[in-house]
Amino acid sequence: MATTVSPANPIKIQPGDRDWKVFEKDVANLTARMDSGTETVEHDAKLIGELSNVPRQIDVLVQGQLNGERIRIAIECKRHSTAVDVTHIDKFVGMLLDLPVDSGVFYAFGSVTPGARQRAANARHPKVSLKEVAGAALLPPWTDDLEEIRPWGTCRAPNCRAGEIQWQTFVQADGSDSIEAGSCNYCGTWTVRCRQCGEEEYAILSEVTCMTCGAEYDLTSSDYQSNDWDGVVQTSKGEE
């Protein structure tokens, strides 16, 4: 039976919950906090398949608004002792094709094969976003006081408490010093390490402003129609 999850009413982790169930609940709780455009988040939801006409189980179902349009996103959570491989992604894509949803997100706790990454990256209709989580539970034991929960990942984006930044080095076309930046492996937010003062700041849309020295950066994409960032440039200098 579906459980509605919100920041004010998180789904509780029970003492007898198996690891895979804890992972599902962690993802549901974090999803409920991550996006102000989200209207409802449901754990263990069901939708009738449009092709199969049978109920399909969804680990986490998100419904909300994007640019004034209603959207649905199905989230799959996998925590196994073995690596997530291409067959897991294929199965998820097949389910998405049967569901009245706009896209899917696949959370993998642990290792993922290169083939699975490639399969997810090349899924287009519907699009699949693969999120890899490794090493620890997404959330600490829940408390009634949200202020007691502190980030322990390297991502400092609002409401992301477990993500790790996947740092890359971007060489500048003008030959100036390279810039370090990367995306969070949980929430996808990009962070730039200021090359003037070394501070780390997360992106708001495609822009990053260093709050210490005032330097400004823009995220770039090789596909002008896409928000899949693959580079960063400095647009203005801050205080030396």
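By the ring criterion I use here, this structure has 3 aromatic pairs; the rings are those of Phe, Tyr and Trp (its six-membered ring), and they pair if their centres lie within 6.5 Å, with planes under 30 degrees apart counted as stacked, over 60 as edge-to-face and the rest as tilted. This is a predicted model, where local features need pLDDT of at least 70 and side-chain atom pairs count only at pLDDT 80 or more, while totals for chains, interfaces and linings use all residues. Residues are numbered from 1 along each chain as its sequence is written, and side-chain values use heavy atoms, leaving out hydrogens and water.

I start with F92 and F106. Their ring centres are 5.7 Å apart and their planes stand at 70°, so this pair is edge-to-face. F92 belongs to helix 2 and F106 to strand 5, so the pair ties together parts 14 residues apart in sequence. Helices (H or I, at least four residues) and strands (E, at least two) are DSSP runs, numbered from the N terminus. F92 is buried at 2% relative accessible area, and F106 is buried at 1%. Buried means under 20% relative accessible area, exposed over 50%, and partly exposed in between, with a 1.4 Å probe and protein chains only.

Next, F170 and W190. This pair is tilted, at 6.0 Å centre to centre with 45° between the planes. F170 sits in strand 7 (residues 165–170) and W190 in strand 9 (residues 190–193), so the pair ties together parts 20 residues apart in sequence. F170 is buried, at 11%, and so is W190, at 9%.

Two arginines sit over rings. R79 is over the face of F109, 3.9 Å from the ring centre, and R193 is over the face of W167, at 4.0 Å. The rule asks for NZ of Lys or CZ of Arg within 6 Å of the ring centre and within 35 degrees of the ring normal.

Now the cores. A nonpolar core is a set of buried Ala, Val, Leu, Ile, Met, Phe, Trp, Tyr and Cys residues joined through side-chain atoms within 4.5 Å. The largest has 20 residues, and those with the most contacts inside it are V84, I89, L99, V101, F106 and V128. Elements giving two or more residues to this core are strand 2 (38–48), strand 3 (55–66), helix 2 (86–98), strand 5 (103–109) and helix 3 (114–121). Helix 2 gives the most, with 5 residues.

What is V128 in contact with, leaving aside its neighbours within four places in sequence? The partners are F92, V93, L96, G104, F106, A120 and A123, contact meaning heavy atoms within 4.5 Å. A second, separate core has 16 residues, including I75, C77, V105 and V133.
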